[in-house]
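Here's a two-chain model to pick apart. Let's ask what each label rests on.

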Amino acid sequence: MATIEIDDVRLAYGDVTALDGLSVTFDPGFNVILGPNGSGKTTLFRVAAGVLPPDSGEATIDGTNPIADPSVKTQVGYLPHGTPLNGQLTVRENLEYWGRVLGLDAKTRAERIEETTAAMAVGGLLDRAATDLSRGQRQRVTITRLLLGDPGVLFLDEPTTGLDPSAARALRDQLDSLASEGRTLCYSTHNLYEAELLADELVLIKAGRVVARGRKEELIGRLNGDGAREVRIETGADAEVFDRIGVEVRDVPDGWIVTLPEAQSVSDLIAALVEHGAAIEAVHEEETTLEDLYSQLTEDEEVTG
Amino acid sequence: MSATPGWWTLARAIVWSELRGRGWRLFTFPVGAGLLFLGLLGATAVSPDVLTGTTREALAAQAGQYFTGMDSDTALLLAMLVIQGPYFIAMTGAVLSVLVTQTGVGQRLAAGELELLLSGPYREREVFVALVAGSFALSLLMIGVLLAMALGGSALILAWADVSLTTDAVRLLGTGLLTPIPLALWTTFLAVVVYLRFPDTPVNGTEPGNLLILAGILPAVSLIVLPTAVPSVDPFLLSVSGIGVSLAAVGVGWVSVRRWLDVKTLL
């Protein structure tokens with residue numbers, strides 16, 4: 001429905017660079033943004049949603065700069081970290097207020113409140129005071145509020161932080177269905193399980209730059225580079241044996257992790273170890289996980305852009 | 001989407017939610033201040049001796065200057081209503097504007113609503129104007145309640161004391177009653193700026209925000225102090241000066257805000 005393009009955006013808070021020439025495109029679907037604290041995720045969302053003008057570069061929503069033409073922001077729903085609902089109002093009044101902020105007329109407001117509360121399963125909460133809601137309910141209401149203007153893009157900054165597992169799962173399911181309707185969801189999280197579960201596209205950010213972007217499988221493939229994979233060998237053999245065979249290893253409890261070139265099979269490795277007199281207790285092929293990818297990309301130099 | 005200016009749409013939404021959320025509680029302070037004013041006026045009518053010596057002397061001087069040809073008690077009552085009254089309302093209105101802004105816009109900003117509003121279809125300047133306009137509208141509503149109480153009650157007290165207003169008194173009263181409006185605009189403007197810059201400023205305390213607000217209320221306080229300290233001061237001139245200073249302060253403030261309003265420093 002809508003595409004967000006961030007082109008060579010730089011932004012600094014005083015001496016601290018938050019975005020350092022960041023470029024990325026968010027297409028319809030579930031875009032999950034990962035990165036350590038202070039990597040620039042929140043600032044990226046602020047710039048992309050037209051909340052904050054960049055120092056240089058440009059962010060556009062379907063080709064329109066939201067700072068130059070704020071009317072395009074009707075296509076955007078932005079959920080900052082935290083859930084500011086007016087505690088003096090009921091859920092219905094909070095939604096009514098936001099409908100007024102968006103400039104919706106009374107008839108449209110009423111229709112949209114009915115539709116969105118049904119979609120987010122918060123219809124039963126409409127007459128409750130906002131202060132009486134659980135954290136999960138509050139988060140669902142704030143997302144309902146975002147949907148009042150029927151935006152094509154949603155920026156959600158760590159929406160499941162602080163939710164219990166069942167509330168987080170319910171929220172993820174609802175967001176997943178919003179993405180499947182063709183919306184562009186940009187979702188930041190520190191939860192790698194969530195990222196793996198939801199992401200159509202993963203974007204890893206470090207120090208205000210995109211260090212990797214793509215589908216999980218693609219990124220892991222690129223991380224492994226030449227098709228090498230890891231095998232864990234439980235053996236009493238020392239590093240010298242692996243040196244003689246000509247493979248790279250690293251020490252782990254009860255054995256070694258061997259990085260096996262694409263051309264060499266596990267059975268070749270076992271045969272070579274046996275030939276060098278090593279006793280093998282067990283062999284496990286290691287799967288590269290999102291956590292490995294995250295650790296490597298956020299700790300090491302840039303791998304891909 | 002409506003075709004009205006963005007700040008107007010946003011200001012209306014803010015006013016709606018404040019009225020909806022706080023309802024009658026919004027009006028407790030102006031009603032209380034109105035009763036206080038009526039109490040003072042009633043006390044002047046019944047027993048002028050309850051006033052402090054300085055106030056009584058100032059009122060007597062003003063009564064002698066503007067309300068000649070009538071008995072001294074009536075002149076004192078008129079001086080209290082026509083000369084001191086509008087300034088009491090102006091000062092109370094300035095305090096009301098700060099309170100309304102603190103408990104409304106201030107709390108919204110402290111809760112992080114600025115970021116949310118900026119994600120709406122508005123420019124940052126429109127959001128700022130809407131915050132000021134919304135809060136100012138609420139302040140005017142409070143001042144309206146205060147005025148209705150003060151003037152309505154005064155009319156009753158004057159009728160009871162069998163006193164009618166002279167043309168000169170009406171002119172002074174009319175000009176005086178305009179003063180609270182620009183003063184409220186100035187204090188609202190200042191309070192919004194303070195709560196944007198220092199969102200956690202409490203109602204009481206000696207934080208920079210409080211000190212700024214205190215300095216902003218000084219023109220309103222001086223309107224009360226000056227006629228008492230210098231009874232010969234021309235009330236008409238004082239009112240016009242109060243209006244001029246307030247509007248000039250808003251003008252200077254607006255130019256400054258246009259220079260420093262930077263969302264980066266506010267989020």
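Q: How do you know how many salt bridges link chain B and chain A?
A: The count between chain B and chain A is three, where a salt bridge is a side-chain nitrogen of Lys or Arg within 4 Å of a carboxyl oxygen of Asp or Glu. Bear in mind that this is a predicted model, in which local features need pLDDT of at least 70 and side-chain atom pairs count only at pLDDT 80 or more, while totals for chains, interfaces and linings use all residues. Side-chain values use heavy atoms, without hydrogens or water; residues are numbered from 1 along each chain as its sequence is written, and chains are lettered from A in the order in which they are written.

Q: Why is the pairing of Arg20(B) and Glu93(A) called a salt bridge?
A: Their side chains meet at 2.8 Å, N to O. The cut-off is within 4 Å, so the label applies.

Q: Which helices of chain B supply at least two residues each to the side that touches chain A?
A: They are α1 (6-22), α5 (113-118) and α11 (263-266), helices being DSSP runs of H or I, at least four residues, numbered from the N terminus. The largest share, nine residues, comes from α1(B).

Q: What makes up the interface in residues and area?
A: 29 residues of chain B are in contact (heavy atoms within 4.5 Å) with 31 residues of chain A. The two chains bury about 2700 Å² between them, 61% of it on carbon and sulfur atoms; that is the accessible area (1.4 Å probe) lost on being put together, summed over both. Trp16(B), Leu116(B) and Lys264(B) supply 26% of the area that chain B buries against chain A, more than any other three residues.

Q: Why is α2(A) described as largely enclosed by the rest of the structure?
A: Because nine of the eleven residues of this helix (residues 91-101) are buried, meaning under 20% relative accessible area (1.4 Å probe, protein chains only). Glu93(A), Tyr97(A) and Trp98(A) are among them. The cover includes α3 (106-119) and α4 (135-147) of chain A, together with α1, α4 (72-110) and α5 of chain B.

Q: How do you know how confident the predictor is in chain B?
A: Its mean pLDDT, the predictor's confidence in each residue from 0 to 100, is 85, and 97% of its residues reach 70 or more. Within chain B, confidence is lowest in helix α3 (residues 53-66), at a mean of 79, and highest in α1(B), at 93. The model scores ipTM 0.86 and pTM 0.83.

Notes: Buried < 20%, exposed > 50% of the residue type's maximum accessible area, 1.4 Å probe, protein only.
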